[in-house]
Amino acid sequence: MYRALIGTSIAAIALFQSLPAAAQQPAPPPADETPSPDSADANDQRTNPRAPLPELPEIEDEWKDLFAEDAAEADVALEAQEAPVDLRYDFALGPIDRLKVADAFKSLSALYAGRGKTVPSLAELQRRARTDTELLTRLLRAEGYYDPEIAIEVDPASRDGRVQVTTAVDTGPRYALGEIQINVDDEAERALVEQKLDLKEKQPLVANDFNAALDRLRLGLGESGFPFADVDNPDIVVDHDTRTASYALNVKLGDNSRFGEIRVDGDPLFSAKHIGRLARFKPGDPYDTREIEDLRRALIATGLVSTVSITPERGPPQADGTTPVNLVVALTPAPQRTLAGQVGYSTTDGFRVEASWQHRNLIRPQGQVTFRGVLGTQEQRLSADLRRSNWKQRDRTLAARVEASVEDREAYYARTLGLGAFIERETNLIWQKAWTYRIGGELQASEERDRSLRIAPGFAPLRTFIIAAAPVQVAYDGTDDLLDPKRGYRLTGWVSPEASFQDGFFGYTRAQVDGSAYLPMMEDNLVFAGRARFGTIFGATRSRIAPSRRFYAGGGGSVRGYGYQDVGPQDEDGDPLGGRSLMEFSLEARYRFGNFGVVPFIDAGQIDTRPYPRFRDLQFGAGIGARYYTNFGPVRIDVATPLNRQKGDSRVAVYVSIGQAF
């Protein structure tokens, strides 16, 4: 159809152009003649756009479509080609699958995406082959192969009802980097640019490597005191004769920059002084973009900030050739109050309801106050906590607590009023610190009943204890993750000298050492984890030490399979005695598949009334756990059974928490 119309138009134009000049344009009348009315009417007809065209006497036959037959045949062919067909094909990657660009090709290839699916025609299949040939050419050039020979062929002869698409690839030689030309204003700074760029002659001409080098240079200059350096895009010229490429780069470093002052923009959540306390740099220190990112993360880690904007502003150049850079900090506050509640039931501890209210910035800056209440079958508690994070310096916390509690455990009954204050360096999920510490003091007054010291059947007297303690704790964490470690080890030790008044003053010392190690296997899919704990109390007999200050074992963080305080010696009524020494061991095999995991484990523990543990009378618990891995950490469900049960021990215990057992 379209070809016929076009042919007719071409024929009309050709015939019109072949007419004599007189036929194309009538001659004008002589200058001395007056036009007759008839001629005037004729002129009006020629100039009037609405007038009909005059007849052409030279053309007597009707227009003929010179291409009518060919057009009809083309229409039939086109309709046949565009008719839907059930055409499927197999695409064999062949040599492509062995190339480094195979994954990128698979993700972008039209042929690979449509294999096994219906295509409308062989022409469409050929079009996809041409498109994929161009795609593979670009991918190979990005890897330095500028002379590849690629053939993606479509074989119309189907096999098993499918058309076969095959590939043949010859990458050819790989091009390399030739001359490197760095243009800088100061020759003394050339070494810095070359070091950060880190390109070498004769290295393969890989596009990603060159892009990474440019990013590395820009970042490195910012880390070296030149955050406003002007780095142009490089000129890369490929020489196909030598199969090399020249590299030319223009860099203007400008003045060396140093940190200036910190200013707060908008409503200040923190003062500039406190933000400066979080920063690891001081005014006048060499400017380093890594320190800016570190400060941003420190502000987010406070939990009081939802968004952070730190804008560097260049100040006037100084006489020493440096330029101060002031930082304008804008913060968007996060919600600062939290109301939380928890309801639970345990076969060993009974019911437990807990509620808390927290304000994370009640005492500015970063003065977190938490009020907590617990109402349970075996425990009632009211407490108020204050935590001043980044107190006087970064990563140092001032903590204080006032607490009143009543505990009714199998081993003892205690009514306690206590207070304490500590200075500590703690770790967190954003910055997992290797070394942490905690030092402080505690004062506690309690009335306690030791159920193992009965003076009559079913009755043990209340004794009053006033205890002052000065605990010190030091910990090292060399693992790769706070909640789900896969390699490394941890070591924690604490000691607490304590003075007690109960029928006179006496003193004793409590100490404990914890260690754990992690060994990955099978590309981290399997991790063997082990834990050991040793504790001792020396300087006083067991009966003089307050029952709440003795060692106990059993439970989800101790020997699984047993309830809290159920490991160790018991009196004739089955009540735990508590002890002056503690020993625990655990071994796990953590196997992960996807977001899930399975963990068989075995635990062992012992409580001894002597100050030093003896390697006998160990109690064992074994079981299996399930893990669901989230972005925050693994959710843990452990099911365990005691292997050498004592009277009253349950056959099965279940533990649920977030994070690994150790």
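Helix H8 (residues 190-197) and helix H9 (residues 207-223) pack with their axes 7 Å apart, at an angle of about 130°. Helices here (H or I, at least four residues) and strands (E, at least two) are DSSP runs, numbered from the N terminus. The axes are lines fitted to C-alpha atoms, for helices over the stretch in contact, and angles run from 0 to 180 degrees between N-to-C directions. The model is predicted; local features need pLDDT of at least 70, side-chain atom pairs count only at pLDDT 80 or more, and totals for chains, interfaces and linings use all residues. Residues are numbered from 1 along each chain as its sequence is written, and side-chain values use heavy atoms, with hydrogens and water left out.

H8 and H9 are therefore oblique to each other; angles under 35 degrees count as roughly parallel, over 145 as roughly antiparallel, 65 to 115 as roughly perpendicular and the rest as oblique. On the H8 side, Leu-192, Val-193, Lys-196 and Leu-197 meet Ala-213, Leu-214, Arg-216, Leu-217, Gly-220 and Leu-221 of H9, where contact means heavy atoms within 4.5 Å.

Leaving aside residues up to four places away in sequence, Arg-216 touches Lys-196, Leu-197 and Asp-198. The C-alpha atoms of Arg-216 and Leu-197 are separated by 6.3 Å, although these residues are 19 residues apart along the chain. Arg-216 counts as partly exposed because its relative accessibility is 35%; buried means under 20% relative accessible area, exposed over 50%, and partly exposed in between (1.4 Å probe, protein chains only).

Aromatic rings provide further links. Rings of Phe, Tyr and Trp (its six-membered ring) pair if their centres lie within 6.5 Å, and planes under 30 degrees apart count as stacked, over 60 as edge-to-face and the rest as tilted. By this rule the count comes to 14 aromatic pairs. In one of them, Phe-259 and Phe-281 have ring centres 3.8 Å apart and planes at 10°, so the pair is stacked. Phe-259 lies in strand E8 (residues 256-265) and Phe-281 in the loop between helix H10 (272-278) and helix H11 (289-301), so the pair ties together parts that are 22 residues apart in sequence. Both Phe-259 and Phe-281 are buried, and together with Tyr-287 they form one aromatic cluster.

The pair of Phe-596 and Tyr-628 is tilted, because the ring centres are 5.3 Å apart and the planes stand at 50°. This pair links distant parts of the chain, with Phe-596 in strand E24 (residues 596-608) and Tyr-628 in strand E25 (residues 619-629), 32 residues apart. Phe-596 counts as partly exposed at 47% relative accessibility, and Tyr-628 counts as partly exposed at 40%.

Charged groups also sit over rings, a term that requires NZ of Lys or CZ of Arg within 6 Å of the ring centre and within 35 degrees of the ring normal. Arg-438 lies over the face of Phe-422, at 3.6 Å from the ring centre. The charged end of Arg-592 is placed over the ring of Tyr-629, 4.0 Å from its centre.

The peptide bond from Arg-364 to Pro-365 is cis, with omega near -10°, and Pro-365 is found in the loop between strand E12 (350-363) and strand E13 (367-376). Asp-503, a residue other than glycine, has a positive phi near 60°. Asp-503 belongs to the loop between strand E20 (488-501) and strand E21 (505-521), and is exposed, with a relative accessible area of 69%.
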